[in-house]
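Good morning, and thank you for joining. I would like to walk you through one protein model, from its overall features down to a few selected elements.

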Amino acid sequence: MKGIKKSLTEEYLYLDLSHQKEGCIFPLHTSITLFLLSYCDCKIFKVCLVLTEESTGISLLKNVLSEDVEIQIISRQELPPIVQNCCLPAVVERPDNFCRAGLAVVLRHIIQKSYEADPSKKEILELLGFKKTCLKACAEVSQWTRLCELTIPLAIENFLKESSDQPPTIPAEILELEKKLSEPVRVHNDDKLRRQKLKQQKAAGVRPSLDKEEMKSKAHRQETSEEVDSSSASLELRVAFSELTVREEPAPANREPAHVRKARASDLPPLDHVFVEGLYFTLADIVLLPCIHHFLVIICKKLSEKLVEFPLLAAWYQRIQEVPRVKTTASQCGIQFLHLPELQTTSNEQQPSLDEVPCVEEQNDPSFIGGPRPTMTKLMEKGIEVMFSPHPCPTWTLDWDTLPAAVSPKEGKMSSDRALRKQQQLNNLVYVVTNQAKPGDRIVDFCSGGGHVGIVLAHMLPSCQVTLIENKELSLIRAKKRSDELGLSNIWFIQANMEYFTGTFNIGHFIITW
């Protein structure tokens with residue numbers, strides 16, 4: 001078919017499978033991944049469901065799996081060795097030495113590969129958001145990524161387990177999400193859009209609302225390619241659905257009125273959420289949809305009186321159903337959407353207080369002071385004793401001139417001055433590791449970057465297995481290219497957060513910089 005490119009690299013997608021219940025595959029990470037595969041109409045991965053010890057209900061899987069996705073069921077012992085060291089979901093490129101692990105990393109990779117296979121699917125690439133950064137920051141540093149990738153799926157799983165025995169407690173993470181939906185939207189053209197909204201409000205005489213019927217009408221017209229009356233929908237909805245139809249908003253022919261141009265930023269109306277990250281439908285919406293759906297199913301069955309506490313979440317749930325292909329995908333994945341009643345948005349005084357429940361851990365510590373001493377203190381608080389010592393062997397150095405060119409940091413896209421400093425740093429590290437390593441040892445280079453340390457160690461210690469773990473994809477791709485040039489067979493590359501690595505090792509390397 002024209003425009004579709006065949007992937008040159010065979011890739012396997014591995015997903016956990018513990019059990020299936022009421023139209024949902026657990027863990028939720030698996031349901032989310034299968035939903036995205038179906039939404040993207042992606043058939044370029046060989047999908048393997050990996051049975052856990054508690055796996056049950058396998059015979060009912062056909063009811064909740066898309067018929068378009070070919071799936072193989074395997075045991076954990078059948079996983080490639082590199083994947084056995086990682087949390088699932090995970091994607092592996094053959095010949096099984098490059099692995100991507102963790103929900104956000106895997107989902108972003110599925111989107112990128114789907115677009116590469118068929119560049120006409122520009123709406124798929126748009127799921128990555130502005131500057132393609134949606135859920136790109138790792139969960140260790142991004143509270144939003146942690147909320148979407150880890151805490152909400154886990155909280156919903158616990159909520160569903162609890163609901164089978166007793167009236168469940170509303171997860172704090174759901175209250176946090178409701179609160180986030182009430183916060184003003186920040187986008188790159190924030191000022192321009194807020195002035196357009198002010199103009200719209202002045203013309204209408206009232207503040208427009210994001211109601212369900214308006215959304216359905218807009219979506220229907222968009223799907224039938226009819227022209228939309230811009231005065232009938234709120235500015236947020238017009239902008240959001242203009243993006244979904246891959247059309248640009250026409251530039252205004254006339255200059256804005258004086259009261260709009262001269263309005264102070266503090267007097268401009270805030271932008272309301274259409275989707276969870278703001279005005280545009282992104283990967284974050286797909287991640288949260290299966291979670292919120294199963295949460296609302298239990299709420300409607302057992303705690304219907306609590307539904308009024310989540311008007312923004314309910315409105316988002318109704319709105320997302322009108323995004324093209326979402327209903328079709330949900331049906332393929334065994335999700336039967338609920339019909340929720342109209343809910344009035346509560347005032348700030350009526351909204352559930354997050355002060356009354358345990359909140360999602362804050363990532364920003366205002367008391368933090370940079371530098372080595374606070375870092376040393378944190379290590380000691382965790383029971384790790386830090387010792388300072390002089391250079392272990394100031395006269396020892398690697399003979400860089402005799403080593404293959406791809407071993408040198410100069411091959412890692414850096415300046416000559418920085419490469420020299422990196423060589424000096426490697427002299428110290430390689431001396432220590434080579435004196436401690438034994439044949440058969442597993443050496444892990446955490447936060448490996450471009451692989452400057454790991455590649456040298458793999459070359460110097462061919463009888464050891466070296467693993468590079470790094471969250472940044474481009475850094476690992478550069479490292480793998482250098483490794484391939486050297487013909488190294490004792491090195492693995494894992495794109496993941498550190499906490500998703502579950503393997504054992506004899507020597508670990510982690511550089512603290514300040």
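This is a predicted model: local features need pLDDT of at least 70, side-chain atom pairs count only at pLDDT 80 or more; totals for chains, interfaces and linings use all residues.

Residues are numbered from 1 along each chain as its sequence is written, and side-chain values use heavy atoms, with hydrogens and water left out.

The protein has 16 helices and 11 strands; these are DSSP runs, helices being H or I with at least four residues and strands E with at least two, numbered from the N terminus. Of its 514 residues, 52% count as buried, where buried means under 20% relative accessible area, exposed means over 50%, and partly exposed lies in between, with a 1.4 Å probe and protein chains only. The protein exposes about 26,500 Å², and carbon and sulfur atoms supply 51% of that area, computed by the Shrake-Rupley method with a 1.4 Å probe.

Next, the helix pair. How do the axes of H1 and H2 cross? Helix H1, residues 28-39, and helix H2, residues 103-117, have axes that come within 10 Å and cross at roughly 10°; axes are lines fitted to C-alpha atoms over the stretch in contact, with angles from 0 to 180 degrees between N-to-C directions. H1 is therefore roughly parallel to H2, a label for angles under 35 degrees. On the H1 side, the contact (heavy atoms within 4.5 Å) is made by His29, Ile32, Thr33, Leu36 and Leu37, and on the H2 side by Leu103, Leu107, Ile110 and Ile111.

H2 itself is largely enclosed by the rest of the structure, because 12 of its 15 residues are buried. Among them are Arg108, His109 and Lys113.

Helix H11, residues 311-320, is likewise mostly covered: 9 of its 10 residues are buried. These include Trp316, Tyr317 and Arg319.

Finally, is Lys472 buried or exposed? Lys472 is exposed, with a relative accessible area of 56%. This lysine is found in the loop between strand S9 (465-470) and helix H16 (473-486). The C-alpha atoms of Lys472 and Gln495 are separated by 6.9 Å, although the two lie 23 residues apart along the chain.

Technical notes:
Angles under 35 degrees count as roughly parallel, over 145 as roughly antiparallel, 65 to 115 as roughly perpendicular and the rest as oblique.
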